[in-house]
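Hi everyone, thanks for coming. Let me put the structure up, and then I'll walk you through a sheet, a few helices and some loops.

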Amino acid sequence: MDPFVDAFVTHRNLLFTVAYELLGSAADAEDVLQETWLRWADADHAAVRDARAYLVRITTRQSLNRLRTIGRRRESYVGSWLPEPLLTTPDVAEDVELAEHVSMAMLLVLETLSPTERAVFVLREVFEMDYDEIAATVAKTPAAVRQIAHRARAHVASRRPRGPVSAAETRRALAAFQRAVELGDVQGLLDILAPDVVLLGDGGGIRQAVLRPVVGADRVARLLASPKVEVTTLSLHPAEVNGCPALIVRFDGELDTVLTVRVDDGLVSGLYAVRNPEKLSHMRRATALRR
């Protein structure tokens with residue numbers, strides 16, 4: 001294998017992770033990787049001192065370009081837009097910081113940042129790049145990047161889960177939630193849902209889903225405890241999605257919904273149900289993420 005091909009293959013999972021964190025879409029991240037490869041193939045490799053840094057720079061710039069396109073696309077999206085879920089390999093969950101940053105809850109927080117803020121935050125907080133390197137990537141001065149990073153950290157800190165949440169704590173909450181849903185137990189749901197829980201559904205206009213956020217434990221519990229299908233056709237299965245415990249919902253054995261959660265103080269405070277079949281292709285085999 002040519003050295004420049006080997007460099008791309010070596011860092012491919014890292015580059016996919018960068019693009020996915022910036023875009024929240026596996027399909028768009030794969031397209032960015034194709035664009036990165038084409039630019040890497042045309043590069044003057046003899047002048048490249050650090051292949052990893054160079055490839056991350058290309059990937060970030062291509063992701064920022066694509067963010068402008070998908071931003072316009074999301075303006076006409078039917079209902080709530082949720083990031084594309086990934087069935088992840090076990091080692092992703094073992095990297096606690098990476099798992100937190102690729103969780104559905106965190107990706108939704110990142111959606112509230114500007115594209116440049118998101119890039120700076122991800123490159124600094126997740127991939128631990130130095131400010132000079134980030135500055136060269138986003139075409140800002142190091143001083144400006146420091147200010148952007150400070151602003152982005154404060155923004156994220158005010159919106160992320162209130163404290164560290166272990167995988168074991170999330171699994172306990174999910175198990176209680178699963179039992180209550182399977183039994184149609186409204187009280188059981190009320191016991192595990194936070195009073196201000198928010199349910200978001202993403203059907204993309206293809207599958208039926210709630211079009212607006214459902215807020216409050218009582219409303220969410222009653223919605224979930226009164227399924228519109230025969231219970232015998234529905235099954236819930238634990239899985240590792242985006243590095244975190246989650247549930248896969250199947251109807252008649254077929255993948256229908258990926259349900260991820262946000263947990264605060266032992267209670268489910270966020271429910272994110274992705275039903276859009278165009279977003280479920282990466283649930284058929286595990287994806288490796290790296291940093």
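Let me begin with a term: two strands pair if DSSP finds at least two bridges between them. The strands themselves, like the helices, are DSSP runs numbered from the N terminus, with helices being H or I of at least four residues and strands being E of at least two. Please keep in mind that this is a predicted model, in which local features need pLDDT of at least 70 and side-chain atom pairs count only at pLDDT 80 or more, while totals for chains, interfaces and linings use all residues. Residues are numbered from 1 along each chain as its sequence is written, and side-chain values use heavy atoms, with hydrogens and water left out.

So, the sheet. In what order do the six strands of the open sheet run? The order is β2-β1-β6-β5-β4-β3, and the pairing is mixed. At the edges we find β2 (214–215) and β3 (234–241); each has a single partner strand, so one side of each is left without a neighbour in the sheet.

Angles here run from 0 to 180 degrees between N-to-C directions, and axes are lines fitted to C-alpha atoms, for helices over the stretch in contact; contact means heavy atoms within 4.5 Å. Helix α10 (residues 167–183) lies across β1 (193–202), β3, β4, β5 (254–264) and β6 (267–274), and runs at about 25 degrees to β4. Helix α12 (residues 217–224) lies across β1, β2 and β6, at about 55 degrees to β1.

How far apart are the end C-alpha atoms of α1, residues 3–23? They are 29 Å apart, which agrees with the 30 Å that its 21 residues should span at 1.5 Å a residue. The expected span is 1.5 Å times one less than the number of residues. There is a bend of about 55 degrees in α1 at Arg 12, taken as the angle between axes fitted to the seven residues ending there and the seven starting there. Just after α1, Gly 24 takes a positive phi of about 70 degrees.

The axes of α1 and α2 (residues 26–42) come within 9 Å and cross at roughly 145 degrees. The contact includes Phe 4, Phe 8 and Arg 12 of α1, and Trp 37 and Trp 40 of α2.

Leaving out residues up to four places away in sequence, Thr 17 touches Leu 98, Phe 127, Leu 289 and Arg 290.

One more helix: α7, residues 115–126, reaches 16 Å from its first C-alpha to its last, close to the 16 Å expected. Its buried residues include Glu 117, Arg 118 and Phe 121, and the buried residues of α7 pack against α1, α3 (51–75), α5 (96–102), α6 (104–110), α8 (131–138) and α9 (142–157). Glu 128 follows α7, with a positive phi near 55 degrees.

Last stop, the loop between α8 and α9, where Ala 139 lies. Phi of Ala 139 is positive, near 60 degrees, and Ala 139 is exposed, with a relative accessible area of 69%.

Terms used
Buried < 20%, exposed > 50% of the residue type's maximum accessible area, 1.4 Å probe, protein only.
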